[in-house]
Amino acid sequence: MDVARLKQSWSLVAAHGDQVPLYFYSTLFLSHPETRQMFPTNMAGQRDRLVSALAHIVTNVDQVDRLVGFLKDLGADHRKFAVRPEHYPAVGEALVATLQHFLGDQWTEELAQDWTAAYGLVSQVMIEAAQAAEAVAPPWWVAEVVAHER
């Protein structure tokens, strides 16, 4: 996996701004409609979170200790949205399709291998973190708020 190639390709894709998450989620929901129910009706905030998370991951791809902690937290947090290990391949497919779309002629077999390997590692860490968190606590707590203080 070529870290410089990942970072350089992401900077080219990220330059397309809001079109990137729009394309990504359109691809995900069209190819895997069962995933739509996991997301809010208004996707504006979610689109920002996707780009921020991807930027953080790519920026820190060569700082494993820093990145692994972030990914573990992300994996554990995704449990509250009912994300299961079987959902990760759909997201990976949508990510690769999005990258390929925005890179156009600059998309190569080497980039496809780099991004597939990188996503495989990311999803593995997130899945393992979610499974470890599952053994300790539920994804959410059912509770009744009895007071609120400012």
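The model is predicted, so local features need pLDDT of at least 70 and side-chain atom pairs count only at pLDDT 80 or more, while totals for chains, interfaces and linings use all residues. Residues are numbered from 1 along each chain as its sequence is written, and side-chain values use heavy atoms, with hydrogens and water left out.

**Whole chain**

- The protein chain has six helices and zero strands; helices (H or I, at least four residues) and strands (E, at least two) are DSSP runs, numbered from the N terminus.
- Along the sequence, the pattern of the protein chain is α-α-α-α-α-α.
- Taken along the principal axes, the box filled by the C-alpha atoms of the protein chain is roughly 55 × 35 × 35 Å.
- Of the 150 residues in the protein chain, 36% are buried; buried means under 20% relative accessible area, exposed over 50%, and partly exposed in between (1.4 Å probe, protein chains only).
- Contact means heavy atoms within 4.5 Å. Among contacts in the protein chain between residues at least 6 apart in sequence, 75% join residues at least 24 apart.

**Annotated span**

- An unreviewed UniProt entry carries the annotation "domain: Globin" for residues 1–131; UniProt positions are given in the numbering used here, feature names are shortened, and annotations may be inferred rather than shown by experiment.
- Residues 1–131 are 72% helix and 0% strand, and the end C-alpha atoms of this span lie 26 Å apart.

**Helix 4**

- Helix 4 (residues 64–77) has 14 residues and should span 20 Å at 1.5 Å a residue, which agrees with its end C-alpha atoms being 20 Å apart; the expected span is 1.5 Å times one less than the number of residues.
- Leu 67, Leu 71, Leu 74 and Gly 75 are buried in helix 4.
- The buried residues of helix 4 fall within an arc of 95 degrees seen down its axis, so they line one face of the helix; the arc is that of the directions from the helix axis to the C-beta atoms.
- Asp 65, Arg 66 and Asp 73 are exposed on the other side of helix 4.
- The cover over the buried residues of helix 4 includes helix 3 (44–59), helix 5 (88–103) and helix 6 (109–134).

**Aromatic rings**

- The whole structure holds five aromatic pairs; rings of Phe, Tyr and Trp (its six-membered ring) pair if their centres lie within 6.5 Å, and planes under 30 degrees apart count as stacked, over 60 as edge-to-face and the rest as tilted.
- One of these is the edge-to-face pair of Phe 24 and Tyr 25, at 4.9 Å centre to centre with 80 degrees between the planes.
- Phe 24 and Tyr 25 are both buried.
- One aromatic cluster is formed by Phe 24, Tyr 25, Phe 29 and Phe 39.
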